[in-house]
Structures are given as structure tokens and as C-alpha cells.
Amino acid sequence: MIKNQIQVIAFDADDTLWVNEPYFQEAELAFCQLLEAYLPAPDVSRELYKTEMKNLALYGYGVKGFMLCMIETLSRISNDKASIVLVNQVIELGQALLQQPINLLDGVEEVLKQLKSDFRLVVATKGDLLDQERKLKNSGLQSYFHHIEIMSDKLTGDYQKLLKHLDCKPEHFLMLGNSIKSDILPVLELGGYAAHIPYHITWAHEQLEDSLEHPNFMPLNTMTEIINILKN
Ligand SMILES: [Mg+2]
């Protein structure tokens with residue numbers, strides 16, 4: 001029985017604990033509108049994504065890298081002719097992202113409350129260190145967690161490091177998250193358990209089309225379903 005196995009439960013943060021991707025998409029839409037004089041919005045969007053993928057290994061995930069990618073895309077699309085006024089508007093879009101309010105997703109606090117006494121709860125998230133710390137602090141959820149891990153990436157090796165740090169065997173570890181690619185597959189590969197909680201918007205880079213079947217994989221509709229699996 002899985003409930004007798006699990007000792008540590010790790011939660012992804014963005015679009016698992018709180019709203020994130022819609023804020024990025026709003027910023028991207030505003031960016032596309034700023035560049036309308038140069039290119040139609042879908043083309044700007046495509047160019048931005050190209051820049052993001054080119055720089056991912058250099059910048060990692062998070063708002064600051066996104067800001068630099070917007071500026072680089074603006075420069076390229078405008079043939080280096082864009083005004084500093086426009087550059088400043090792009091910087092403002094990024095800074096607004098760093099000040100978004102925290103909106104918890106449905107059921108999150110209730111689930112943490114119910115699991116806290118029986119399991120070690122941790123956060124395992126990508127993104128900018130300072131920004132993720134700010135979100136966690138403003139979420140009011142900090143006291144539920146035993147450990148916060150802000151990871152540069154979520155590949156198998158990154159989870160291996162986390163498990164070592166937590167002194168937890170994979171078969172005692174359960175990861176919950178909205179990204180099959182980042183939150184589920186690497187954990188299953190290590191022999192851990194993983195529960196997928198879909199979010200209605202997923203960044204293109206995190207999307208995977210294939211359906212997944214694995215004995216340690218739990219596809220859920222909502223986070224609260226994990227309570228029945230672990231407690232009953
Ligand atoms: Mg996420």
C-alpha cells in the first residue's frame with residue numbers, strides 16, 4: 001500500500017500551490033502588443049519562445065531570465081532600432097510579474113493541513129531564488145513545510161540530490177505537480193511515486209502529449225484526491 005510507503009511528500013509550487021502561468025501569459029500578451037508595430041502577435045510570441053529556448057541553459061527558469069529574453073527579442077525584431085522607452089516598458093512588465101499577488105489554488109491549504117502531521121512536506125520548485133522565496137512567504141504556507149528546495153532544473157539528477165539531502169529513499173518519496181515532464185517523469189525514473197494535478201494552462205516547454213501509465217503514477221483531477229489515497 002502506497003500510504004504505508006510514503007514518508008516525504010514534495011509539492012511543486014507554480015500552478016500546483018498557486019497561480020503562475022496565467023501571469024506569464026498576460027505579460028507575454030502585453031509584450032506582443034508593445035511590438036505590434038514590428039510583427040503580428042503570434043510571430044512575436046514565437047520569436048520570444050525561440051529566445052527563451054536558446055537561453056534556458058544560461059539563465060535557467062524564472063522572471064529575470066524572461067525579462068532578458070523579452071529585451072533580446074525586442075532588439076532582434078526591431079533590428080536594434082527599438083527605443084529605450086520601449087525597453088523600459090518591457091522591464092516594467094517583468095517587474096510587475098515580480099509583484100503579482102499570490103493566489104492559492106483550490107484545496108491546497110486544506111491538503112497541507114491534513115498531511116502535515118503524518119508526512120514530511122517539502123516544496124520542490126524551479127525559478128528565481130528571491131522570487132520563489134517571496135511567493136512562499138506571501139502564500140502564508142511556509143509553516144507547513146519541513147524544507148524548501150529551489151532547483152535550477154528538475155531533471156533526474158536534481159531529484160537525486162534532493163532525496164540525498166532529505167535522506168529519503170525514492171520508494172518513500174511522493175512528488176505532486178502539474179508538469180508531467182518536470183514533476184512526474186524524473187521521479188518515476190528514480191523509483192519514486194508521482195501524482196499529476198493538471199492545471200488548465202501549461203507553458204509550451206512543459207507540455208507532453210503522450211499519455212502515461214506507470215504503477216507508481218497517480219493521475220488526479222484535484223489535489224484533494226491525494227487525501228483519500230494517503231489517509232483512508
Ligand atoms: Mg508547476
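**Exercise 1.** In this predicted model, find which residues of α3 meet which residues of α4, then describe how the two helices pack.

*Solution.*
Step 1. From α3, the contact takes in Val44, Glu47, Leu48, Lys50, Thr51, Glu52, Lys54, Asn55 and Tyr59. On the α4 side they meet Gly65, Phe66, Leu68, Cys69, Met70, Glu72, Thr73, Arg76 and Ile77.
Step 2. Sorted by class, the residues of this contact are 8 nonpolar, 4 polar and 6 charged.
Step 3. Two packed helices are described by the angle and the distance between their axes. The axes of α3 (residues 41-59) and α4 cross at roughly 130° and come within 9 Å.
Step 4. Because of that angle, α3 is oblique to α4. The crossing of α3 past α4 is right-handed.

**Exercise 2.** Describe the packing of α2 and α4 by angle, distance and contact residues.

*Solution.*
Step 1. Helix α2 covers residues 21-34 and helix α4 residues 63-77; their axes lie 12 Å apart at an angle of about 15°.
Step 2. Angles under 35 degrees count as roughly parallel, so α2 is roughly parallel to α4. This crossing is right-handed.
Step 3. Phe24, Ala27, Glu28 and Phe31 of α2 touch Val63, Phe66, Met70, Thr73 and Leu74 of α4. By class there are 7 nonpolar, 1 polar and 1 charged residues.

**Exercise 3.** Identify the residues that coordinate the magnesium ion, and state whether aspartate 12 and aspartate 14 are buried or exposed.

*Solution.*
Step 1. The ion is coordinated by Asp12 (OD), Asp14 (O) and Asn178 (OD1), at 2.1 to 2.2 Å.
Step 2. Along the sequence, these donor residues follow the spacing D-x1-D-x163-N.
Step 3. Aspartate 12 and aspartate 14 are both buried.

Technical notes: Residues numbered from 1 in each chain as written. Predicted model: local features only at pLDDT ≥ 70, side-chain atom pairs only at ≥ 80, totals over all residues. Heavy atoms only, no water. Axes fitted to C-alpha atoms, helices over the stretch in contact; angles between N-to-C directions. Helix = DSSP H or I, 4+ residues; strand = E, 2+ residues; numbered from the N terminus. Parallel < 35°, antiparallel > 145°, perpendicular 65-115°, else oblique. Left-handed = near helix turned anticlockwise from the far one by under 90°. Contact = heavy atoms within 4.5 Å. Nonpolar A, V, L, I, M, F, W, Y, C, P; charged D, E, K, R; others polar. Donors = N, O, S within 2.8 Å, 3.2 Å for Na, K, Ca; no water. Buried < 20%, exposed > 50% of the residue type's maximum accessible area, 1.4 Å probe, protein only.
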